[in-house]
Amino acid sequence: MPPSLIRDLSDTSGYWAAVWTMCTMPDVHVIADAPVGCFNLVATAVPDYTDAIPHIENMTPATITEQEVGAKGTSDKVRWTYENLRASGALDGKQVIVISTAESEMIGADLSSLVATLGEGTRFYWSNSLSEDEWAGRDRVLRWLWEQFGAPHAAGVAPAPGTVNIIGPTYGCFNSPSDLEEVRRLIAGAGGRINLVYPLEATLADTPRLAAAQVNVVMYREFGAGLAGMLGQPMLYAPFGMRETTAFVRELGRLLGTSEQAEAFIAGEKRTTLRAVWDLWRGPQGDWFGTTDVGIVAGRSYAEGLARYLGDELGMKIAFVSARPRRPDDPDNDEVRQMLHRRAPAFVFGSINEKIYLSEAGAKFARFFMAAFPGPTVRRAVGTPFMGYRGAVYVVQEIVNGLYDTLFNFLPVDQAYSMIRGGPPKIEAAPGNLPWSLEAKAVLDEALEKLPYIPRISASRQMQMQVEALARERSLKEVTPDLVREALATAGM
Amino acid sequence: MEPIALSAEQSQGHTCKLHPQSMCPAFGSLRILSRIEGSHPVMATDTGCLYGLTFVTHFYGARKSILAPTLGSAELYSGEIVEGTRAAIEAAAREPGCRLVPVVSLCVAETAGMPEELLPRQVGDAEVVLVRVPAYAIHSHPEAKDVALEALLRRLGDREGPREERTVVVVGEVFPADQLAIDAILRRMGVAATIALPGRSIDDLRRAGRAAALAPLHPFYKGVTRLYREWGASVAGGAPVGISGTYAWLKSIGALLDLDPALVDRVAQEERDKAQAVLAAKSLKGARVLVTGYEGTELAYARLLVEAGAEVPYVSTSIGVDPLSLPDELWLKTRGTQEVVYRKALEEDMAALDRYAPDFVLGTTPFAAAAKERGIPAMYFTNQLASRPFFLSSGMAATIGFVAETLERTNRYREMVAFFAE
């Protein structure tokens, strides 16, 4: 079998999963058995741009150097780090967890016996970073936290009627502040009370209290169901779109015994929040949906949720979907890249990888929406959910505004202004058309066919003018296929 | 590969270096390798590393797709690392216009062993250049820029063609306008051409092998400097920073290239006059500034601020001690700087914040955040200073103006603290 290659990796390793999960809890301090780079990237360089935080404060590297790699191993360095942290007071009231990294695993540094000689209760988490990806890692670390810090102390904890956990949000979860806000609102609407938002708004000491919820809502299909399964109570996934959200609220009401309240909430939402979708559907905007195509690359919840809402409910054409982790038939990044290079859909939901592929393709007529990591973005305002009823409104609003922008970019602007700036030469809007050979027309049609539907009218007129201007410049009596190809190349099409 | 010495290992003093401050060292190499036109990097590493480095490269480096072999435990332990890397090189070389495939070998690949002799040197039109940058041995991202540039020059530098006697290779990532200003002033002194590295062009790398002189503007280009000495080229120390630094640098270039002394002197004097006029127009007198980035260029910035009248009691950087940075360190220490810290940790910067109560901080993101929490104007050195001119009199004006303007906004920083404390 040929070696497998990675193009623009979309998901990170078990080590990152562990850090981004554990470090959300203020009573944890992580010591990473890591070289400086694994510390900087996870704790500062990336969460600066995914979570908009200056850095993760409750994490310290053992800073592996050539000595440790060479022969010494990392035990002494981890011990030194632990002792100095303790002396500085940074560990007061903290649970210390030592985490392995790919490099420490590479040199075989299993510190499970070392931690027993550090302060009482210090744990070692083998992040399995040479084998485990972000999603398996995220699921396993949540289960491990429950096994280590929850289950042993949860014997007397019984589910309280009407209470719900939200499991999943951590650092590095795209758009989670808005989605969390919306899921919380849906739970309240269905008649539930929040027990814990785990781990994002919990402490490690809260972990046993996970057992106190009657229902567990798992935010993401890509991870978190493992913990919910161990807790044993009924589980629901956070919903996308109008139909699924309605089913979610209804089911939650049934589970909590608050069906009446849930139904009243659904009815109220149709009159208020969702009214925007109804109005856009009845208005001229809705007419565009059926001729607008969409490509989706995102975490599994987002990918499946957007495809169901935009495709099944609104009737948009779904050009492709690729979930993270990838499902068996999902295109990989190489295939996504080739598709975008060949012909980009009108809208692409994705990560910075897809944004780069669109740049490579010069696909200036496709519109990009950030919908996944990796990629720098601030999503701390809570008004931009993709999930739930408000998400259904927000996503459709973004799409319609995208259509408006696309249209705007194709409206003619008087070229005298670009002449002042020394811009491209003026196209003479000469009276009457030049005759086009059939082949020339076919070349133009083929190029236009690759454009999203909406800008085609304006683009075709613009290209026609450019080609004819070129023909007149060369005193041609007829437009030839070569001339069209030349003009298209100049226009970057 | 020779590891870079950890010259300031755990300090014996009171401050414990728990949180070292550098980007992932390898990022320095990726930044310059990804920005070269026709270059398609291959990264040999684990997925966590790949994710993080690709992320920052797509932020600070280039909009460029990055290939890697899958290196999990199966591949690493079974020695399939070369096979996978070769396949990735082949794929990268198929990219349109590919002329260079830098193979960036990182911690786990270096630990497992990446034998250079088993990698191709050339695939189609593309040169394949191995760049070894394990974070555990390089320690800071500026030093990884040097490692990458040295590897590129050793492979691509043209040593066959005729030597260009009055051409200077100016090394260091600088603001584009600085590059033009440096080129212009050197030409006025009689230099035939300058080549700015690291840059976008592979041809510049080739031609750089024929240049008669090297001017490393930053003090971490140790390997590149060593290479040019091997090649018998002259090396100009220092950099055109501030009044005295610029004057000395221009004179030294003139002497190295045997340019007309009267002409050199006239140009250097004119530039000195301009620099003095800049300082006369804007002074930072009375401001106490901590310069605590991790770019390896901190000493030069501190020097400029001191000339502009600021008090800079503390300077820290991610790079190790090296003779190349000693002149700036001595210059600073005779002008009031009390501490210059190499391979610094957050703890040392925090102690300095307590000790010196500065008016302005140029720091890493964690440290700048800590200063802002105290209502002290602070900026992320990397983002703010790299994005404006710095060298010669024109650069002085821009940099000093930036600091002065920030100081004028001090109240905003205080008000923000007060608001969030309420």
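Trainee: How do the axes of helix α12 (residues 261–281) of chain B and helix α18 (residues 392–408) of chain B cross, and within what distance do they come?

Mentor: The axes of α12(B) and α18(B) come within 8 Å and cross at roughly 10°. Axes here are lines fitted to C-alpha atoms, for helices over the stretch in contact, with angles from 0 to 180 degrees between N-to-C directions. This is a predicted model, in which local features need pLDDT of at least 70, side-chain atom pairs count only at pLDDT 80 or more, and totals for chains, interfaces and linings use all residues. Residues are numbered from 1 along each chain as its sequence is written, while chains are lettered from A and ligands numbered from 1 in the order in which they are written.

Trainee: Why is α12(B) called roughly parallel to α18(B)?

Mentor: Angles under 35 degrees count as roughly parallel, over 145 as roughly antiparallel, 65 to 115 as roughly perpendicular and the rest as oblique. The crossing is at roughly 10°, which makes α12(B) roughly parallel to α18(B).

Trainee: Which residues of α12(B) and α18(B) meet?

Mentor: B:Glu271, B:Lys274, B:Ala275 and B:Val278 in α12(B) meet B:Leu392, B:Ser393, B:Met396 and B:Ala397 in α18(B). Contact requires C-beta atoms, placed from the backbone, within 7 Å. The residues of this contact divide into five nonpolar, one polar and two charged. Nonpolar covers Ala, Val, Leu, Ile, Met, Phe, Trp, Tyr, Cys and Pro, charged covers Asp, Glu, Lys and Arg, and the others, Gly among them, are polar.

Trainee: What makes strand β2 (residues 28–33) of chain A mostly covered?

Mentor: Six of the six residues of β2(A) are buried, that is, each has 20 or more other C-beta atoms within 10 Å of its own. A:Val28, A:Val30 and A:Ala32 point one way, and A:His29, A:Ile31 and A:Asp33 the other way. In a regular strand the side chains alternate between the two faces of the sheet.

Trainee: How do you know that β2(A) pairs with strand β4 (residues 95–100) of chain A?

Mentor: Two strands pair if DSSP finds at least two bridges between them. β2(A) and β4(A) have six, in the parallel sense, with A:Val28 opposite A:Gln95. Strand β3 (residues 59–61) of chain A also runs parallel to β2(A), joined by three bridges, and A:Val30 stands opposite A:Met59 there.

Trainee: Which strands pair with strand β5 (residues 126–132) of chain B?

Mentor: Strand β3 (residues 100–105) of chain B pairs with β5(B) in the parallel sense over six bridges, placing B:Val103 opposite B:Leu130. Strand β4 (residues 122–123) of chain B runs antiparallel to β5(B) and is joined to it by two bridges, with B:Val123 opposite B:Ala126. The hairpin of β4(B) and β5(B) has two residues between the strands, and B:Gly124 in it takes a positive phi near 60°. Six of the seven residues of β5(B) are buried.

Trainee: What joins strand β1 (residues 5–7) of chain A to β2(B)?

Mentor: Three bridges in the antiparallel sense pair β1(A) with β2(B), and A:Ile6 stands opposite B:Ala68.

Trainee: How many residues of the two chains are in contact?

Mentor: 50 residues of chain B are in contact with 50 residues of chain A. The elements giving two or more residues to the chain B side include α1 (25–34), α2 (47–60) and β2 (67–69). The largest share, 11 residues, comes from α2(B). That side divides into 31 nonpolar, 15 polar and four charged residues.

Notes. A residue is buried if 20 or more other C-beta atoms lie within 10 Å of its own, exposed if 12 or fewer, and partly exposed in between; C-beta atoms are placed from the backbone. Helices (H or I, at least four residues) and strands (E, at least two) are DSSP runs, numbered from the N terminus.
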